Protein chains: 2
Amino acid sequence: MSDELDMAVPSDRAPTLDDVAQRAGVSSATVSRFLNNPKIVAEATGERIREAVQHVGYIPNALAGGLASSRSRMVAVLIPHLTDSIFNDIIERMTEDLNASGTNVMLGLTGTSVARTDELIRAALARRVDAIISTGPIGGEMFEVIRRSRTLFIQIWELPEDPPGMAIGFSHRDAGRDLARFVASRGYRRPFLVTADGSRAKLRRDSFIAEWQAIGGGEEPHGTLVDIPSRYGHARRAFAEVRRLDPMPDVVLCGSDYLAQGIIVEAEAAGLTVPGDLAVMGFGNSRIAGEMRPTITTVDVDGSRIAQEVMSVVRRHGAGEDIPHNSIDVGYRIIARESA
Amino acid sequence: MSDELDMAVPSDRAPTLDDVAQRAGVSSATVSRFLNNPKIVAEATGERIREAVQHVGYIPNALAGGLASSRSRMVAVLIPHLTDSIFNDIIERMTEDLNASGTNVMLGLTGTSVARTDELIRAALARRVDAIISTGPIGGEMFEVIRRSRTLFIQIWELPEDPPGMAIGFSHRDAGRDLARFVASRGYRRPFLVTADGSRAKLRRDSFIAEWQAIGGGEEPHGTLVDIPSRYGHARRAFAEVRRLDPMPDVVLCGSDYLAQGIIVEAEAAGLTVPGDLAVMGFGNSRIAGEMRPTITTVDVDGSRIAQEVMSVVRRHGAGEDIPHNSIDVGYRIIARESA
DNA sequence: CTGAAAGCGCTTACAG
DNA sequence: CTGAAAGCGCTTACAG
């Protein structure tokens with residue numbers, strides 16, 4: 001008899017819920033219920049199902065499950081790059097959280113291209129993800145697309161004027177302004193800005209310059225633009241520009257701690273001391289900022305707070321709660337360390 | 001009339017293929033064909049469909065599509081960590097390639113846990129991914145699970161004895177051996193090994209030690225174990241151990257270039273010169289290895305070759321080709337730079 | 001080149 | 001606590 005049941009599961013196709021049900025002697029509906037919520041099934045029945053799952057080597061088809069339930073248990077995460085990314089800590093935290101609760105992550109690499117970002121958003125929507133977590137600017141026509149899909153859309157790291165969904169981040173305009181004040185208060189007179197390519201970094205730069213001039217910092221600061229991902233290759237070029245200036249800048253403000261690290265290494269290799277001959281500031285308070293020698297003066301953004309708020313919103317949305325389209329300002333603070 | 005058609009698309013649910021078909025005046029089968037392969041549909045028909053898609057704001061349901069076609073157009077990528085990962089370049093390359101060909105990436109973070117890896121593999125199989133690209137060891141019972149699923153399974157970065165699928169990597173045993181020979185040939189006598197937690201790194205370490213003793217390098221090398229992700233925090237502790245030894249080691253071999261970078265920064269902060277007072281070697285030839293000051297002597301592994309081979313296998317498998325369960329050895333080579 | 005229809009493998013009211 | 005059945009939104013032989 002048991003042998004006959006075995007024969008009911010041909011080996012040339014993946015076992016289905018029905019195969020499990022047949023072996024367990026219940027309906028596929030009951031198996032489905034047990035798999036999704038064991039408590040609502042009688043204990044003895046559950047035991048038989050468990051055995052059957054094991055026996056036939058059942059692996060649920062999440063495509064079918066998602067289609068039927070219209071919950072994909074998948075969240076899209078869109079970031080520019082993987083290497084030396086200021087977002088790695090946040091993404092890592094969220095991914096682990098998500099995985100722990102049975103949700104998988106679709107990773108999208110946008111670069112700095114709005115077109116690629118839009119394409120990835122469309123791909124995510126096609127997969128009917130439960131949420132999209134995005135770090136970059138999106139095309140104007142996407143606002144309507146996102147809105148109509150009713151998909152939870154969360155922008156992190158910045159606070160756009162009129163976001164199509166949630167935004168969890170901080171004001172880059174304010175950060176640029178405060179950076180200018182900080183630099184001035186430390187007595188530096190000739191700042192040099194190494195700005196990573198990207199709308200936010202440029203926002204900070206412009207705001208820095210405006211404030212610098214407003215508080216009488218003097219002439220317009222020098223600066224340069226570098227691609228992301230950002231490290232030594234760019235740092236070397238940027239440092240060369242710094243050196244070429246006469247008088248040389250006395251402080252370099254970088255778009256990321258990785259860039260700052262690169263500038264420090266370059267400066268020291270050139271025989272300069274940091275911050276004695278040249279001060280350097282980072283951005284983001286990545287793990288390395290506190291561990292480099294010298295430790296890096298930077299702007300701390302509470303990544304774990306962002307990750308936590310994102311997860312909270314995703315969870316509440318998953319529980320059916322209506323998420324208002326508001327913003328959460330997690331702020332930032334300048335951390336003075338050795339490098340500036 | 002046209003208004004009547006508009007009414008056929010209620011705004012309280014996402015538009016389906018049928019909505020598009022209705023507006024275009026064709027069957028949903030034709031719309032499906034057009035979307036998946038425009039050439040097989042008459043041009044005029046295609047034009048009408050294009051307009052209809054636009055008009056109703058259609059976004060295909062990839063869950064339904066995947067279920068019907070049993071091709072999810074999704075590939076799972078499993079790595080230990082995101083931060084300072086030796087795999088970032090490879091993953092970034094593959095992700096961009098995949099995205100360009102309409103395939104999305106499911107990202108899984110395994111840490112060094114086999115249990116988490118196995119769980120992520122099951123999740124990937126549940127999503128009926130077209131392939132799983134994995135970087136770590138897997139549980140023994142997974143071999144059968146993977147085999148029975150007939151899913152393309154590709155292990156990268158190493159060459160296991162009896163892989164459950166494809167393997168594209170190199171021999172860590174050989175690398176450890178060659179490292180020992182290299183270090184000896186450079187005249188170093190007191191190596192110190194900073195081994196990242198993980199089976200491969202340990203394989204290299206053991207092989208290094210065996211060879212070191214075989215060629216009469218002398219006593220057993222000192223060493224320490226660090227967690228991944230690996231940088232300054234660990235480097236600091238490791239460097240402290242190095243300093244404490246008397247006589248002090250003359251070369252430190254690190255499990256990654258990031259670790260090597262950390263050791264170099266620590267050593268220089270302590271007033272030592274690299275490689276004069278202490279030589280340092282990395283592993284992996286990450287971008288930073290050639291850009292640090294001093295540049296880092298390391299073991300180059302051709303990541304773009306690995307990415308390329310993976311993509312080739314994935315594509316061929318997607319085209320219906322039968323992939324043999326063999327291995328591709330991409331080799332490695334030691335690159336002598338300034339740090340050792 | 002196109003349509004009618006079966007089928008992919010689940011979930012979930014509905015009923016008991 | 002459990003089952004029968006409809007339905008999720010596509011794809012794809014089959015037929016014309």
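The model is predicted. Chain B superposes on chain A by a rotation of 180 degrees with 0.0 Å of shift along the axis, and the two copies are thus related as by a two-fold rotation axis.

**Relation of the two chains**

- The superposition of chain B on chain A gives an RMSD of 0.0 Å.
- Both copies use the same surface, since 100% of the contact residues of chain B recur in chain A.

**Packing of α5(A) against α5(B)**

- Helix α5 spans residues 62-69 in chain A and residues 62-69 in chain B, and the two helices pack with their axes 8 Å apart.
- The angle between α5(A) and α5(B) is about 135 degrees, and the two helices are therefore oblique to each other.
- The crossing of α5(A) past α5(B) is left-handed.
- On α5(A) the contact is made by Leu63(A), Ala64(A), Gly66(A) and Leu67(A), and on α5(B) by Leu63(B), Ala64(B), Gly66(B) and Leu67(B).
- Six of these contact residues are nonpolar, two are polar and none is charged.

**Surface near DNA strand D**

- There are 26 residues around DNA strand D, and those that come nearest are Thr45(A), Leu17(B), Ala29(B), Ser32(B) and Ala68(B).
- Helices α3 (28-36) and α5 of chain A, and α3 (28-36) and α5 of chain B, each supply at least two residues of this surface.
- The most is given by α3(B), with six residues.
- By type, the surface near DNA strand D has 14 nonpolar, 10 polar and two charged residues.

Note on methods: Residues are numbered from 1 along each chain as its sequence is written. Chains are lettered from A and ligands numbered from 1 in the order in which they are written. This is a predicted model: local features need pLDDT of at least 70, side-chain atom pairs count only at pLDDT 80 or more; totals for chains, interfaces and linings use all residues. Axes are lines fitted to C-alpha atoms, for helices over the stretch in contact, and angles run from 0 to 180 degrees between N-to-C directions. Helices (H or I, at least four residues) and strands (E, at least two) are DSSP runs, numbered from the N terminus. Angles under 35 degrees count as roughly parallel, over 145 as roughly antiparallel, 65 to 115 as roughly perpendicular and the rest as oblique. A crossing is left-handed if the near helix is turned anticlockwise from the far one by less than a right angle, and right-handed if clockwise. Two residues are in contact if their C-beta atoms, placed from the backbone, lie within 7 Å. Ala, Val, Leu, Ile, Met, Phe, Trp, Tyr, Cys and Pro count as nonpolar, Asp, Glu, Lys and Arg as charged, and the others, Gly among them, as polar. Copies are superposed by least squares on the C-alpha atoms of residues with pLDDT of at least 70 in both. A residue is near a molecule or strand if its C-beta atom, placed from the backbone, lies within 6 Å of it.
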